[in-house]
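Time to open my notebook and go through this one. I'm jotting down what I looked up, step by step.

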Amino acid sequence: MAEDARQVDVLVVGAGPAGLAAAARAAESGARVALVDNNPDVGGQIWRRATQHLQYLPVAREWIERVAQSPNIERISGAYVAGIADRRSVAVETAQGTLHLGYEKIVLATGARERLIPFPGWTLRNVVGAGALQAMSKEGLSVKGKRIVIVGSGPLLLAAATSLHYAGASIACIVEQAPWWRLARFALRVVRDETKLRQARSMRRALRGVPYHSGAWPIAAYGDGRVEGVTLRSGLREWRERCDYLACSFQLIPNAELAKLFGCRTDRGAVIVDQEQRSSIGFVYCAGEISGIGGLERSLVEGEIAGYAASGQHEAARALGARHARARDFSRALDQTFALRSALRRLATPETVICRCEDVRLRDWAGTGSWRAAKAQAHCGTGPCEGRVCCDAAQFLFGWRLNDARPPVYPDPASIVGAEM
Ligand SMILES: Cc1cc2nc3c(=O)[nH]c(=O)nc-3n(C[C@H](O)[C@H](O)[C@H](O)COP(=O)(O)OP(=O)(O)OC[C@H]3O[C@@H](n4cnc5c(N)ncnc54)[C@H](O)[C@@H]3O)c2cc1C
């Protein structure tokens, strides 16, 4: 494989909304920018494959075109940053070989992944991440006529349901663990925001007639090798729903592994940043879901701030403070509304597989009091998902502190484990 080396002023990792906004603002400020993403196309999760129908997506169009038209931005797609070469350069793995990219400032906009929670049957085929199923359908998986139950927590359930509905799936029901009264309070907030209200209305139109159960969650999936249905619970009531896919998503977890390699400080999984999105390591900026879950608007404004600040435009970065404060306020509302209930920690039985890659069961962790001990005793966390599914599960189930990140760091492969293509 060939090796190559280059130098830029600002390197942006991740070309979702946050990375696009960061690259565009840094380039407008005169910086030479490289924008690296592991996907073939820019757009990240929410705008995956958006370049094919930009006429319907004005916000995506604005940012994608700004980046495409900027002579200061070099786009490096289908490539990933797996580790740090030295503090001011990273090794980018491309199809052609390794590229050593040096930079003055780096903006990490690596997004988030779905949390999957273990319960009996969650390793059956076609039990998948809700966002992952949506992504696979955008990448060509046909869900036409498939009956899908969507379970978990957070606005992603509705976004995924809408997208899968338009792809021809039959959404059997949406099962949200948050109680109705918290959702009602959240809805009152959404109606005060014109953009969010418009989004909510269009999802409601698409999902008319689809049962939405609040205060409910899955207790077991069943099927012979492949999922055939799920048992759900709400209070004392239990019932079964038949399905071809069970799509799960219990909130999002920041992809902070690369930031941790730099030594950036984190709090509850998210990278701690200042008002200019600068992390505890001065030349490392973090924007979007890596520094807190908050939806599109937060990712965009944080990307803009990071792009300005990394290219020395501190006034312009500060001018976005009010928009940023509103976006962070929305994040707090998300946290409060969709906080996961403790009953979800008791779904797995001793026989439930915890590590899907290496077939480790909950009972194999008996007597271990830390992730390190569980890993050593049961040899989990080293399979194709890089330990992300079982590691995230361990943290949720037991509140264990996880090990520091180690290279190589791969972009999230986790939530598509178990899907039948
Ligand atoms: C699976 C999934 C589906 C979602 N679907 C929707 C939806 O339909 N509607 C909605 O409103 N919100 C959706 N969201 C939430 C949405 O992603 C956020 O609201 C927000 O847009 C995130 O923007 P971001 O730029 O911070 O991150 P992202 O959009 O996640 O972008 C991060 C990008 O960085 C890349 N990356 C990560 N690590 C590396 C690396 N080491 N090297 C190279 N590239 C890397 C990723 O592949 C990705 O393209 C989804 C989230 C997830 C996890």
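**Entry 1: the model.** I'm working with a predicted model here.

**Entry 2: two helices.** I looked up how helix α1, residues 17-28, sits against helix α8, residues 295-310. Their axes come within 7 Å and cross at roughly 30°. Angles under 35 degrees count as roughly parallel, so I can call α1 and α8 roughly parallel to each other. I also checked the hand of the crossing, and for α1 and α8 it is right-handed.

**Entry 3: who touches whom.** Which residues make the contact? On the α1 side I listed P17, A18, A21, A22, R25, A26 and E28. On the α8 side I wrote down L296, S299, L300, G303, E304, G307 and Y308. Sorted by class, the contact of α1 with α8 has eight nonpolar residues, three polar ones and three charged ones.

**Entry 4: Q251.** Next I went to the loop between β17 (245-250) and β18 (252-254), where I found Q251. Its phi is near 70°, which is a positive value in a residue other than glycine. Is Q251 buried or exposed? Buried means under 20% relative accessible area, and Q251 has 14% relative accessibility, so I put it down as buried.

**Entry 5: Q277.** Then I moved on to the loop between β20 (270-271) and β21 (284-286), the place of Q277. Phi of Q277 is near 70°, again a positive value in a residue that isn't glycine. Relative accessibility for Q277 is 0%, so Q277 goes into my notes as buried.

Notes. Residues numbered from 1 in each chain as written. Predicted model: local features only at pLDDT ≥ 70, side-chain atom pairs only at ≥ 80, totals over all residues. Heavy atoms only, no water. Axes fitted to C-alpha atoms, helices over the stretch in contact; angles between N-to-C directions. Helix = DSSP H or I, 4+ residues; strand = E, 2+ residues; numbered from the N terminus. Parallel < 35°, antiparallel > 145°, perpendicular 65-115°, else oblique. Left-handed = near helix turned anticlockwise from the far one by under 90°. Contact = heavy atoms within 4.5 Å. Nonpolar A, V, L, I, M, F, W, Y, C, P; charged D, E, K, R; others polar. Buried < 20%, exposed > 50% of the residue type's maximum accessible area, 1.4 Å probe, protein only.
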